[in-house]
Amino acid sequence: MSIRQLSIIKFMANLIVDEGNTLCKIAVVDKSEVLCEVSAPDFDLERATGLIEQFAIEQAIVASTRGGAEQICEQLRSKIARVLHFTSLTEVPIEIDYSSRQTLGADRIAAAVGVVCGMGIKDTLVVDMGSAITFDIIESGAFRGGNISLGVGMRFKALHEFTASLPLCCATEPNDKFGRSTTEAIEQGVMQGILYEIEGYVERISAKNRELSIVFCGGDAKYFVNQIKNAIFAGRKLMFTGLNLILEYNVSKNNI
């Protein structure tokens with residue numbers, strides 16, 4: 001099925017469950033509009049049931065980066081008939097050009113689908129800033145791979161836990177100054193280091209493709225998106241949109 005064919009599928013409000021390393025996000029999505037969003041450390045069936053009843057939801061998709069998806073799916077199947085457990089091997093409406101797809105994070109695939117099918121962008125660098133930072137390249141509407149780096153929180157935690165006396169610090173706005181205290185030195189060392197890392201990717205990849213878009217998503221993207229010229233901030237909506245499109249695509253192919 002082509003992207004154009006996918007765009008004419010009749011949509012309804014769906015339940016989207018995205019269990020990340022830190023939070024479990026639940027959203028109700030109608031087409032590309034997020035009608036409602038809640039989050040908690042773990043999946044809350046009672047809260048999900050309330051949304052199912054409120055929006056008369058009949059189908060859902062569940063993705064997890066911590067291995068809890070099947071258990072969540074079993075709980076949801078007691079409430080609604082169609083529940084898709086999204087994995088890296090689930091059929092999606094874009095090409096995945098990756099040599100070890102079985103190990104590819106489902107979140108990376110969902111973001112790519114959101115960019116290509118939801119935003120209509122065929123050439124882009126997707127910077128997803130969650131527990132880890134992923135840099136994924138999409139060319140001609142196909143996922144071509146990417147790199148994975150330590151996230152903001154991981155870097156602060158590593159400096160604190162693997163040294164004898166450095167304090168645990170938190171994310172802040174990156175600037176172009178050197179720290180005048182140990183806390184400032186750690187904060188800006190991490191934040192500026194990530195910024196220079198992002199700038200390096202953008203400069204290198206843009207030199208090869210001047211039409212390339214830069215799309216940011218993930219919880220820590222807010223600290224960096226305004227530092228990169230012409231970058232697009234998609235936030236959590238990108239993941240929800242991508243998962244919703246994948247759900248509708250699989251429903252249309254009777255895969256559930």
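Reader: How many helices and strands does the secondary structure of the protein chain come to?
Author: The protein chain of this predicted model contains both kinds of element. Its secondary structure comes to seven helices and eleven strands.

Reader: What radius of gyration does the protein chain have, and why does it agree with a compact globule?
Author: The C-alpha trace spans about 60 × 45 × 30 Å along its principal axes. For 256 residues, a compact globule would have a radius of gyration near 18 Å. The value for the protein chain agrees with this, because it is 19 Å.

Reader: Which percentage of the 256 residues is buried?
Author: A residue counts as buried when its relative accessible area is under 20%. The protein chain exposes about 12700 Å², with carbon and sulfur atoms supplying 48% of that area. Buried residues make up 46%.

Reader: How many Å apart are the mean positions of the positive and negative charges?
Author: The protein chain carries 25 positive and 31 negative charges.

Reader: How many salt bridges does the count come to?
Author: Side chains of opposite charge can pair when their charged atoms come close. The cut-off applied is a side-chain nitrogen of Lys or Arg within 4 Å of a carboxyl oxygen of Asp or Glu. By this rule the count comes to ten.

Reader: How many residues apart in sequence are the parts that R66 and D42 tie together?
Author: R66 and D42 form a salt bridge, with their closest N and O atoms 3.2 Å apart. R66 lies in the loop between β4 and α3 and D42 in the loop between β3 and α2, so the pair ties together parts whose separation in sequence is 24 residues.

Reader: Which residues are linked with E19 in a network of salt bridges?
Author: R66 is partly exposed at 32% relative accessibility, and D42 is partly exposed with a relative accessible area of 49%. Both belong to the network of salt bridges that includes E19. The residues linked with E19 are D42 and R66.

Reader: Are R144 and D97, which form a salt bridge, buried or partly exposed?
Author: The closest N and O atoms of R144 and D97 are 3.1 Å apart. R144 lies in strand β9 and D97 in the loop between β6 and α4, so the pair ties together parts that are 47 residues apart in sequence. With relative accessibility of 31% for R144 and 39% for D97, each counts as partly exposed.

Reader: Are R108 and D136 buried or exposed?
Author: The side chains of R108 and D136 meet in a salt bridge at 2.6 Å, N to O. R108 lies in helix α4 and D136 in strand β8, so the pair ties together parts that are 28 residues apart in sequence. Both R108 and D136 are buried.

Reader: What is the phi of A56?
Author: Most residues other than glycine have a negative phi. A56 is found in the loop between α2 and β4, and is exposed with a relative accessible area of 58%. Its phi is positive, near 50°.

Reader: Where is N230 found?
Author: N230 has a positive phi of about 65° although it is not a glycine. This residue is exposed, with a relative accessible area of 66%. N230 is found in the loop between β10 and β11.

Notes
Residues numbered from 1 in each chain as written. Predicted model: local features only at pLDDT ≥ 70, side-chain atom pairs only at ≥ 80, totals over all residues. Heavy atoms only, no water. Helix = DSSP H or I, 4+ residues; strand = E, 2+ residues; numbered from the N terminus. Rg over C-alpha atoms; globule rule 2.2 N^0.38 Å. Buried < 20%, exposed > 50% of the residue type's maximum accessible area, 1.4 Å probe, protein only. Areas by Shrake-Rupley, 256 points an atom, 1.4 Å probe, with all protein chains shown as cover. Lys, Arg positive; Asp, Glu negative; His and termini not counted. Charge placed at Lys NZ, Arg CZ, Asp CG, Glu CD.
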